[in-house]
Amino acid sequence: MELVIVIATVVAILAVAAGVLLVRRSDRGEVLEPPPGTTRPRQVGVRETAADELDGPEIEVVDPISVVLPPEIVITGPELTAEEEAANIAAAEAAELDGELEALLEQERPSFRDRLSRARSAFSGYVGSVLSRTGIDDESWDELEEALIRADVGMAPTQELLDAVRATVKERGITTSVELIEAVKDEMKARLAGPVSLARADSPPSIWLFVGVNGVGKTTTIGKVGRRLTDAGDTVVMAAGDTFRAAAAEQLETWADRCGAQLVRGTEGGDPSSVIFDAIASAAAKGADVVLADTAGRLHTKTNLMEELSKVRRVADKGDGTVTEVLLVLDATTGQNGLQQARQFTEATEVTGVVLTKLDGSAKGGIVFSIRSELGIPVKLVGLGEGAEDLVDFDAEQFVDALFDQN
Amino acid sequence: MFESLSDRFDGIFTRLRGKGRLSDADVDEVLREIRLALLEADVNLSVVKALQARIRERAIGEDLSRSLNPALQVKKIVLEELTETLGGETLRITYASKPPTVVLMAGLQGSGKTTNSAKLARWFKGQGRNPMLVGADLQRPAAVQQLRTLAAQIDVPVYSATDEVVASGSGDPVDVARGAVAEARRLGRDVLIVDTAGRLAIDAELMDQVRQISAEVSPDYTFLVVDAMTGQDAVGVAESFHATLELDGVILTKLDGDARGGAALSVKEVVGRPIAFASTGEKLEDFDLFHPDRLAGRILGEGDLATLIEKAEEAFEQDQAEEAAARLMGGTFTFEDFLDQMQALKKMGPLSGVMSMLPGVPKEVRDVEIDDRQIARVEGIIKSMTMAERVKPEIIDSSRRDRIAMGSGTSATDVTQLVNQFKQMRQMMQQMGGNKLAKRKAKKSKKGRKGGGRVTPKGPVQLDKKAFALPTLEEMEAQIPGRGGPGAGLGLPD
């Protein structure tokens, strides 16, 4: 790559940034104080990145068994009443109870297709419109384009998809709208088909790392995967690698308890790499089959956090197990930004598959097309709800069929 | 990478230059580009259509014949239209005559309700109020605990399920809500912020539950919390929540990412309620009133100078940066400066993202895929230099060069290239700095200068170049001495 462009760019940005600051300062004509709050005292949960970065990890082996309590929470305002105190405990117990009740009330779970169909009405509205006309006209193509855009497939991939279908239509001499829809479906299915099995190491433990931006459902997904594995007879260790978010370890603990997996956690604000390394060590010692490693949600634009994630991956690789899956958890409601997320996370950790969550909602998750075609990353799992059972293998056929369902 | 609206317009308007009034067909072509830009930014398709219609009316009405830069004028129209749509009335919080003022937080799973409930509490405290938080999310494991931990950071009490209710085996959020208002009054809290569980807009049962919660607390303000990276689905979600709860405003979250944020535009257009707050980070203080003009520019990929300035202020050490800038313009910029400032630059996020925030960056420069790892390589080379070498790269002879190459795991050629290009760039920046001052003083068109001003019947137009305008690639090219020299084979891309 042109070195000079790199330099030119960096210099240009520096010039701008520095120049901008100069302009600002001269505008104000006074010595600028640092923005308020830059010298805050350290707060619980404030994220600071380790300065040691690339010089090899500093492993603090954390005792996995001891339950590390978060530091005493002091409320200096009006005191928590005994009521509220008990309420907190009670709520946690209630949540646990819910989990048990859920198991008891195990109904026959609707199929993947049924659940997706619930939300397909808008999309199928367009399709219905296309089908209501038996022939194919310009309007048919326009409506198909609209349907795909509304599914978050994205403008460019939509064009490309429809161009391919146009060629097929011509080739096969397709004239009816029903055949047209089938052709579109076929094209979509072909592009999405791929391996969905989660890779295992030759010798245990296998390590599956879960990454993604904030709020996508990483922890919940781990809960579901853990459940699936333990149901199949595997021994599972969960690593509470989210050491940043308040009560993240507690959240994962609930899931571990629900399926009988062991939980390894550290202190809040601690080093995620060491928690995960420790979990791997523990798993290896016990002969556990799979380590499910949670990480903190992070926006892919935060360079330091992405570097932290790269370090997590590197450290995990050095442990007594093999990282066989790095799963990018992606919210089905995400728009075109999903592709950029996938790019950056892949650059940092080599993503091997996508878990598409919240597909039981009205969002279609069309961004997975781009992720597949541009980055070659397949969707392996789909999340269809907040319960431990709400996880299915991705099925391109069903995914696309359900998208076009007419109910 | 995505194209900004400017990029898209570049092609069209070059052809249309000098045409005077745009024909309907021309306007249609322009509108198509606008449509593409907005869709790429995740603006909902229906909203895009509505906007297109409005922009069309205005564009046809405008007399673009007199415009020196019709592309700029149309862009202005689009920006104005977006800003208007996003803005309008700002939300004014009016406190209830009988406290507490109740705020209800609703939205999809993972949108950021819990974190932003705490942020809002902090904000209200800053306004001199006494807020209380309600943990009515009994669905997500440890949700209440999360709220309590956050609340502890800002000394705000949290109310959640009473043990009687829980003992009965049903932690009911509606009950929690009911008890909360009474408790708030008892404690003399004048603002109550109710965090609820995330729920799908199409989940009839849960939507009914939140309706019940709302009925219990009679909120003065109901906020829909929306993730800035939401795609086309935003409209359906917003409509559903609005129909169930009657929203008063929207809180837009995770704006510190690089999602263009078109969902905000869609929601505003469809629901008609103001975007009240913007959340720009994970810390509780990353929360402020919303700025419509900033988002408008961002949606169009037009560069968000205000945000760039903020990020730069955060990332760069002010004094250091000033000195570095002075040295840059003066031609005494060293590798050490370069290294220091590059570290700061890294804090601003991926280079491509930062680039997109710069207005006026030539497309050719922006289009080049800059892998941040390339930056790391450059860094590596510089780090292998001694301080003396960084300050005075002239002393780097072949043995030093080899040492540096070995130390950084690169080749001697790489090192030579870097040093030479750096020197050339430094010289160029110095000349550039000097030139610009001269230009401003002279107010004359320089011979052979590209991208210069137009001469109208009244004389040369005074160019409004800002202090930090970047040279075009052609200008840069023109300044590099001896392109066939040490930089041979490297030739700049077309």
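**Core and sheet**

Modeller: Happy to! This is a predicted model. Let's start at Val291(A): beyond its neighbours within four places in sequence, Val291(A) is in contact with Pro205(A), Ile207(A), Val237(A), Ala239(A), Ala279(A), Ile280(A), Ala283(A) and Gly321(A).

Biologist: And which residues touch the most other members of the largest nonpolar core?

Modeller: Val291(A) is one of them, along with Met238(A), Ala293(A), Val103(B), Leu192(B) and Val194(B), in a core of 185 residues. Helix H10 of chain A, residues 272-286, gives the largest share of this core, with 7 residues.

Biologist: What does the second, separate core include?

Modeller: That core has 22 residues, among them Leu328(B), Val378(B), Phe422(B) and Met425(B).

Biologist: Switching to the sheet in chain A: what order do the strands have?

Modeller: The order is S3-S2-S4-S1-S5-S6-S7-S8, an open sheet of 8 strands with mixed pairing. Strands S3 (262-264) and S8 (391-393) of chain A each have a single partner strand, so one side of each is left without a neighbour in the sheet. From one strand to the next, the twist averages 25 degrees.

Biologist: How do S6 and S7 of chain A run, parallel or antiparallel?

Modeller: Parallel: 3 bridges join S6 (residues 353-357) to S7 (residues 379-383) in chain A. Within that pair, Val355(A) stands opposite Leu381(A).

Biologist: Nice. Which strands does helix H12 of chain A lie across?

Modeller: Helix H12 (residues 337-349) lies across S1 (206-211) and S5 (322-331) of chain A, and runs at about 160 degrees to S5(A).

Definitions and conventions
Residues numbered from 1 in each chain as written. Chains lettered and ligands numbered in written order. Predicted model: local features only at pLDDT ≥ 70, side-chain atom pairs only at ≥ 80, totals over all residues. Pairing = 2+ DSSP bridges. Helix = DSSP H or I, 4+ residues; strand = E, 2+ residues; numbered from the N terminus. Axes fitted to C-alpha atoms, helices over the stretch in contact; angles between N-to-C directions. Contact = placed C-beta atoms within 7 Å. Core = buried A, V, L, I, M, F, W, Y, C linked by C-beta atoms within 7 Å. Buried ≥ 20, exposed ≤ 12 C-beta atoms within 10 Å, placed from the backbone.
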